[in-house]
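Me: I would like to go through the terms used for this structure and see what each one rests on. Please set every value against its cut-off.

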Amino acid sequence: LCRLGCGADLSKTSAVLHEEDECLEKEVACSKGCGASVKRKAMVEHQHDHCHERDVACEFCSAVVLAKNLDAHKAATCPQLRLCRCGAHVVRSRFAEHKSTECPYRSVACTLGCGAEMEAITLEVHKQMRCPLRQWTCLCGLTMPVSARAVHERDECPERVVTPCLQGCGLVARREARAAHERETCPLRTLICTCGDPIFARDVDSHRINECELRTLACMDCGQRMASKDVNKHHSSCAQRLISCPLECGARIPAATVAEHTAAEGACTNRYVACDACGVDGIPMALMADHRASMSECPARYVLCGRGCGQRVRASDCAHHESRLC
C-alpha cells in the first residue's frame, strides 16, 4: 500500500514513482511561488482560494492584483475609494453621504438647541460641559439652564454665600456650589487623559484631537489605523512607505516593491543584467551601452579589422580574422 495513505495498492518498484509523482496525499510546493506546501489533492483549492500569490479582483474597481497586495491597493491606489479624514475608506459614490451622515468630523448642530455648530465627535462633550442650554440643579432645588447659574448663585439663590473659584476661572458662587464647580465644571480644573497627561478641562477636545498619543491616526502610505504613539514605529517598517531605490537609480518606490523594481526584468535603470551578446552577468543596465561599445570590454562587441580591410567582426574573433581571413 502507498505509505502516504492514499489507499493505492502498488508494487514495491512502482510505489516510489507513485509517491513522488502521482499520490494525491503528497505535499508539494505551490507552483505560484507563495512558499506553501500543500497536499496535491488540495492544490487547486489552495491556488483558487488561499494562495497569496493568486490573482484577485478588487470588488470596487475590478482591477486584478495579487491577493497579498489587495489591502494596499484599496488603501492607496483603488480609483473607486477615497480616504476620509476620519480614516475610513469610502466608495466615491458614497463619499458625500459619508461626509454628511457618518463621518465623526462632520458638522452638526447642538441637539439641545443652543445653535452652536461643531464636529460630531465633540457633540457629547459640548452637551455635557459647554452648552449654555444644558440643565443644572442648584442646591436650593431650582433647575435652570446652566447659562443662568452664575446670576442665580450671585443674586438670587436664598442659600448663597459667595466666594471666588480657587482655580482662578473667575466664577463667584456660594461656598457649596463653588466646591462642586471646582470639582465638576471649572474649565481650569485638572483632568487626567487616558494617555496619562494632566490637562485643563477646557483643553480636552483640542488635546484628544491634536496631541493625545492614544488618538487614532491613519498611516498616509497604507491607510492602516493606529495610535499616534505608534505611527513613527509603523512608518519605519510600512510595506507601502516610499524609499529611494537601493541601486541609486533615483526612483522613489514602495518598500514592498524593491525586489520587483531591482529584478533583472524590473524598471530600475541601475539593475544588474547579463549581456545578451557575451553572457557576462552583473552589469548595471545604465552601463550596458558602454559595455557593448567598440572600445569597451565586451568580447562579443563588433570592432573594425585592425588591418584596414573594413570588415566588422566580434572582438573575440578579431585575432583569428586578421591572421587567417583578412
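Reply: Ala239 is a place to begin, lying in the loop between α9 (231-235) and β17 (242-244), where helices (H or I, at least four residues) and strands (E, at least two) are DSSP runs, numbered from the N terminus. This is a predicted model, in which local features need pLDDT of at least 70, side-chain atom pairs count only at pLDDT 80 or more, and totals for chains, interfaces and linings use all residues. Residues are numbered from 1 along each chain as its sequence is written, and side-chain values use heavy atoms, with hydrogens and water left out.

Me: Why is Ala239 called partly exposed?
Reply: Its relative accessible area is 40%, and the term covers what lies between buried (under 20%) and exposed (over 50%), with a 1.4 Å probe and protein chains only; Ala239 is therefore partly exposed.

Me: Why does His18 count as buried?
Reply: His18, in helix α1 (residues 12-21), has a relative accessibility of 10%, so the residue counts as buried.

Me: What makes Arg85 and Glu119 a salt bridge?
Reply: The closest N and O atoms of the pair are 2.8 Å apart, and the term asks for a side-chain nitrogen of Lys or Arg within 4 Å of a carboxyl oxygen of Asp or Glu.

Me: Why is Arg85 called exposed?
Reply: Arg85 has a relative accessible area of 53% and is therefore exposed, whereas Glu119, at 23%, counts as partly exposed.
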